[in-house]
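I opened the model today and went through it feature by feature. These are my notes, in the order I looked things up.

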Amino acid sequence: MSKVAIELKDVTKSFDGNQILKGISGEIDEGQVLAIIGPSGSGKSTLLRAVNQLAGPTSGSVVFEGQDLTKVGKQSLNHLGEKIGMVFQSFNLFPNHTVLENVTLGPRRVKKLSEEQANQEAMHYLKQVGMAEKANAYPESLSGGQKQRVAIARALAMKPKVLFFDEPTSALDPENVGEVLKVIQQLAEEKRTMVIVTHEMNFARQVADKVWLMADGQIVEENDSKTLFTAPKEAITKRFIEQVSLV
Amino acid sequence: MGKNKMGSLLATLLVFFTMAFGMTGKASADDNSLQKIKEAGVLKVATSPDYPPFESQTTINGQSQDVGLDIEVAKQIAKDLGVKLKIMNMDFGSVLVAIQTGKADMAIAGLTPTDERRQSVDFSKVYYTGGQTFLINKKDVKKFKTAKNLHGQKIATQTGSLQNSLAKKYFDDSTLSSMDKTPDLIFSLENQKVDAVGIEKPVAQAYVAHNKNLAMIDAGYPNDAAESGKAIAVSKGSTALVNAMNQSIDKIEQHHWTNKYLKEAGKYVDDNAADTSMMRYWHYFYNGFLNTTLIAVIAVVFGILLGVLLVLMKLSAWKLLAWPATAYIEIVRGTPMMVQVLLVYFGLGALINMPALVAGIIAVALNSGAYVAEIIRGGINSLDKGQKEAAQSLGFSKVDTMRFVILPQAFKNIWPSLGNEFVSVIKESSIVSIIGVTDLIYQLNVVRADTYRGVAPIVVVMVIYFLMTFSLTRLLNHFERKMNHE
């Protein structure tokens, strides 16, 4: 049994009295890839945001490195940003900074690295995602796939313990999806702890060690990826996988 | 919550006003009026130099100076007191406020000591009795032989003036109208918008002497010296100062100096009217342009700094910071700039002594800050919330998020709106002329009064304003294009 990186206990989230997450409990294992799949509106993205405290849970607890994140102060939460990296569906690169600055800003301002060291490290990660040549470009001149690869380098530069991906390919043109998935796959092979919310079923099946199928704010089925895709236990899982495969 | 907010808002306003006007009551409680002037060695006199021959401006050795009957009387009083004279120019409507708030020791501006005014200020004895007349067009001389012929006709007077009340009393069967500035009244007369203008005799004489289209007839009001004479106003309870002024006025009367003063004033009026080309007044417009530019530039720079501060306060999670910023923005945006200018000059000015120009700049900057804050807030709100989330997920502090991510993008988005704000500051700062800041509008009124020309100075000032705002707009567009290419 592998070590637990993050433990969720009965996490709920409500917006204006609407309960979006209805009691999520589960474990994110160290060195493994967890894929979260399920129909739109099932609460997948909300769950990621509740766990990394971008929009903290209404109730329940999130235990990371022995601390309940819902109870620690602002100061420690900022510190947490370094340890849980996030890659967004819409990239969210800073348009007023170059590619290199996008990657170095965090290490320099938060980790207080020197400019020289931050640049050196940033170039390493930009090379890893194949974006080193564009270091001095501004984000607006990049394609969606290129932007997302820079966003991944930006998250990696903070040397996070856990990396979250919130539908990383949903905003991309079809021809750009492959390059981003390839980068994520490489990261999975490095045995990084990752959580990926995705609609790419083949990809989830390929890279994930464990899969959660969410529907209506709950985890309907949890299983290793092979079992879940080939022999789903729940009828709802079966139906969802069939529907997606048809597309 | 709404009710609570209103209550605190009123409380804030109340504190403001108590601060502003509390000083006044104290100043007049004990009479050290004369002693104070002698200790300071300066007699501060408020006037409004757009009323020749009582007071106007002229150029002597390249410097614009106040001249006229009133100025000579003030000089004599200062001389008798053995102190220096300091003339403070402002709008006519502000001269009484200036003595009530202690900005000036006395006001001499062709003031008539009406009962209404006596309720808020004290007056010296009358130093000049001129009598009332009507100005008419020369071609109407046969039609309007005496003032009696004006019943049922159109009569105009200066707003808030004695002529205004007299016309209401004795010509209630005529069509009455009023305007702020004497040159405007004359202009309507020349254009036959009105048939007659009720005006003081010496002023009418000056106009008739310099405008061949005009004629003058006696108003025929019952003669009452106290009602139509000129006196000097001081703050209530300044008996010692009134006595000293009356001694000087007695002296002036004994020596019949008034006629000498008027003759001298008439000479300046002649000089001014002899050459009314706008070129002769270029330095008035130039000074006005410099001051308007100075006010706008400083006010915009401090307005932006204040705006950033206000918006950071308003967006703060800390209510103690957010609330005052919100209240400030609401109050400033919900009240006219004119009121704010008066409050800063006379209210804040009662606590800290400052020149009108400084007060004007402060008022415009305080006003602009509130608008800039709202513009910046709009710019921040228009940003994708993903930007903030991305910064947060990287562990940025709030300050760093603002400094490196939010504000630079917000400023780029709001650049056109900030440019508009700059342009409107240039235009709206014209309101500071009411406290005597010598900006373009102020100079406009001075030149109009001096030259007896109604329209030409307006056109000149309009062209100057347009050139200022137009070149600024071009400049801002240039920077905007440059920014977008980066």
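**Sheet in chain A**

I began with the strands of chain A and found an open sheet of four, in the order β2-β1-β4-β5, with antiparallel pairing. I count two strands as paired if DSSP finds at least two bridges between them. Helices (H or I, at least four residues) and strands (E, at least two) are DSSP runs, numbered from the N terminus. The edges are β2 (18–29) and β5 (67–68) of chain A, each pairing on one side only. I noted for myself that strands of a sheet pair through backbone hydrogen bonds, either parallel or antiparallel. I then looked at β4(A) and β5(A), which run antiparallel and are joined by two bridges. Across from A:Phe64 I found A:Gln67 of β5(A).

**Ground rules**

This is a predicted model, and local features need pLDDT of at least 70, side-chain atom pairs count only at pLDDT 80 or more, while totals for chains, interfaces and linings use all residues. Residues are numbered from 1 along each chain as its sequence is written, and chains are lettered from A and ligands numbered from 1 in the order in which they are written.

A:Asp10 has a positive phi of about 50 degrees although it is not a glycine, and A:Asp10 sits in strand β1 (residues 4–15) of chain A. I put A:Asp10 down as partly exposed because it has 13 C-beta neighbours inside 10 Å. My cut-offs are 20 or more other C-beta atoms within 10 Å for buried, 12 or fewer for exposed, and partly exposed in between, with C-beta atoms placed from the backbone.

B:Gln192 also turned up: not a glycine, yet with a positive phi of about 60 degrees. I located B:Gln192 in the loop between α7 (182–190) and β11 (196–200) of chain B. B:Gln192 is exposed, because 11 other C-beta atoms lie within 10 Å.

In chain B I also found a cis peptide bond, from B:Pro52 to B:Pro53, with omega near 5 degrees. B:Pro53 belongs to the loop between β1 (42–47) and β2 (56–60) of chain B.

**Where the chains meet**

I checked the interface: 16 residues of chain B are in contact with 18 residues of chain A. Contact here means C-beta atoms, placed from the backbone, within 7 Å. On the chain B side, α16 (385–393) and α17 (398–428) are the elements that give two or more residues. By class that side has six nonpolar, seven polar and three charged residues. I took Ala, Val, Leu, Ile, Met, Phe, Trp, Tyr, Cys and Pro as nonpolar, Asp, Glu, Lys and Arg as charged, and the others, Gly among them, as polar.

Which residues does A:Asn52 touch, not counting residues up to four places away in sequence? I got A:Ile84, A:Met86, A:Phe164 and B:Ser393. A:Asn52 lies in the loop between α1 (44–51) and β4 (59–64) of chain A, and counts as buried because it has 27 C-beta neighbours inside 10 Å.

**A helix pair in chain B**

Last, I looked at α12 (residues 282–315) and α13 (residues 319–334) of chain B. Here B:Leu310, B:Met313 and B:Lys314 in α12(B) meet B:Leu321, B:Ala322, B:Ala325, B:Thr326, B:Tyr328 and B:Ile329 in α13(B). I sorted the residues of this contact into seven nonpolar, one polar and one charged.

Key. Contact = placed C-beta atoms within 7 Å. Axes fitted to C-alpha atoms, helices over the stretch in contact; angles between N-to-C directions.
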